[in-house]
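Biologist: I would like to learn how to read surface and ring features in a model. Could we start with the surface?

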Amino acid sequence: MTDAQGGFRGWVAARKGVWSRLRFTSLRLRLVVVFGLVALTAAVSASGIAYWLNREAVLRRTQDAVLRDFEQEMQNRAGLLPQEPTQDELQHTAGQMANSSQRFSVLLVARDADGKPVYGSSGGLDGFTLTDVPKSLRTAVNEKQQVNNKSEYRLYWQRISDDDTPYLIAGTRVNGGGPTGYMLKSLEQEAKDLNSLAWSLGIATGLALIGSALLAQAAATTVLKPVQRLGAAARRLGEGKLDTRLRVSGTDELADLSRTFNNAAEALEKRVADMAARDEASRRFVADMSHELRTPLTAITAVTEVLEEELEAESGSMDPMIEPAVRLVVSETRRLNDLVENLMEVTRFDAGTARLVLDDVDIADQITACIDARAWLDAVDLVAERGIMARLDPRRLDVILANLIGNALKHGGSPVRVAIREADDSIVIEVRDHGPGIPEDVLPHVFDRFYKASASRPRSEGSGLGLSIALENAHIHGGDITAANSPEGGAVFTLRLPRDASELAQQTNGNEGNGKGAGDAKKGDA
């Protein structure tokens with residue numbers, strides 16, 4: 001059953017592939033259709049002209065031969081009849097005339113001694129009769145025409161159809177007095193020949209159409225192969241394979257297009273390489289700067305801690321004049337220390353060396369510990385049930401929560417509401433403040449590095465890296481953070497984390513090991 005289903009799916013996929021290549025928006029199909037229409041128009045026009053010319057030629061040739069024979073028979077045989085022939089004489093003469101090489105039916109009409117009309121037909125009394133002759137033809141035949149100042153009777157003919165069988169009918173009168181003769185000739189054989197010709201021309205048109213379709217397919221393949229190669233190369237280029245190039249052959253427009261693509265790809269590869277080099281140099285500079293700042297910053301921090309102890313001492317040994325300056329130094333040293341730590345954390349994310357250290361965490365306990373360590377218990381309203389467990393990195397979760405809650409307290413004010421809920425295989429934590437919310441033009445940028453909110457919010461004293469680091473820590477767990485404005489007022493940050501990040505931790509820590517080795521090698525070279 002499985003093999004049958006697999007075969008059916010393969011057949012459906014193949015059919016879809018064929019239809020995708022033959023859809024009307026396809027350039028290949030349009031070329032084939034245009035070629036086919038041009039070939040069909042040309043073939044139908046040529047066949048129509050050929051049929052019309054051959055039809056006229058066949059009918060005229062037969063017609064001229066029959067009329068010439070009939071006219072001679074009228075002169076040679078009907079002209080020898082007396083002025084007032086009997087019916088037997090007319091019948092005998094009509095039979096002789098019908099036995100000519102053209103084999104047509106003959107009707108002779110005259111008047112006897114009593115002035116009554118007398119008829120003689122080659123087919124007897126039931127053969128060709130006067131009622132078979134159109135009235136217009138009888139009128140024309142019995143009317144004299146002026147020819148060379150003489151009044152003479154002329155030969156007239158007409159094509160008629162009876163039961164889908166074509167006929168040639170003609171009539172004339174013997175000049176100088178004599179019978180009137182009519183001739184009836186079947187053109188059935190000529191019609192069959194013309195039908196055969198029409199079938200032949202139709203078959204030729206069909207073959208021409210098929211040949212044009214094959215030629216169009218060949219031409220489309222010739223034209224579209226470079227286009228398909230160009231499309232495939234463009235897709236590879238879009239996938240990041242910047243060394244993709246096209247083989248250029250010829251001097252036509254497609255070759256010029258291939259050369260243009262190669263030039264654009266080369267310029268793009270060079271530009272991306274330059275940007276990557278500058279980015280790498282920038283990351284190394286930040287990493288080196290952060291690393292180098294830690295040593296003097298450690299000494300400065302030790303000094304500021306001593307100064308801070310002097311400030312808090314009850315002995316009052318600190319000169320009141322310099323006390324504000326000392327407090328400013330202590331505050332700014334802490335900010336500088338936080339900035340250096342944040343820069344080093346960002347550098348680890350950029351270098352791909354950040355790793356997860358997982359542990360089983362009670363989410364409610366983790367949030368409580370975070371806000372308790374920062375003395376935010378009175379400013380935060382926690383709505384959470386105990387016992388919601390997840391396997392995460394506690395340190396990185398603490399960083400995320402500290403940044404989200406701290407940001408809400410800074411810009412939205414207290415109380416900040418933190419709620420936890422479970423959704424399928426993930427944990428959702430919402431942090432909502434009661435401030436003015438985030439302007440719509442600021443929302444897309446709240447997680448950008450070094451981005452500060454507009455003047456509608458109080459000026460931040462942070463580094464502009466907190467929310468960015470929080471988002472990176474969420475991503476390394478396989479989670480995400482979104483920012484929005486609550487309909488009830490205030491900003492809402494929603495953190496989604498998986499219940500178990502073990503599989504992602506294995507991948508991340510494996511990549512980190514590879515990246516760390518490369519970083520150590522570079523450092524050794526330096």
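Biologist: Is Asp163 buried or exposed?

Modeller: Buried means under 20% relative accessible area, exposed over 50%, and partly exposed in between (1.4 Å probe, protein chains only). Asp163 has a relative accessible area of 69%, so Asp163 is exposed. This is a predicted model: local features need pLDDT of at least 70, side-chain atom pairs count only at pLDDT 80 or more, and totals for chains, interfaces and linings use all residues. Residues are numbered from 1 along each chain as its sequence is written, and side-chain values use heavy atoms, leaving out hydrogens and water.

Biologist: Where does Asp163 lie?

Modeller: Strands (E, at least two residues) and helices (H or I, at least four) are DSSP runs, numbered from the N terminus. Asp163 is in the loop between strand S5 (156–162) and strand S6 (165–173).

Biologist: How many aromatic pairs does a search of the whole structure find?

Modeller: Rings of Phe, Tyr and Trp (its six-membered ring) pair if their centres lie within 6.5 Å; planes under 30 degrees apart count as stacked, over 60 as edge-to-face and the rest as tilted. The search of the whole structure finds two such pairs. Phe70 and Phe104 are edge-to-face, at 6.0 Å centre to centre with 85° between the planes. This pair links distant parts of the chain, 34 residues apart: Phe70 is in helix H2 (residues 27–76), and Phe104 is in the loop between helix H3 (87–98) and strand S1 (105–111). Phe70 and Phe104 are both buried.

Biologist: Why is the pair of Phe447 and Phe493 edge-to-face?

Modeller: Their ring centres are 6.1 Å apart and their planes are at 90°, so the pair is edge-to-face. Phe493 counts as buried because its relative accessibility is 3%.
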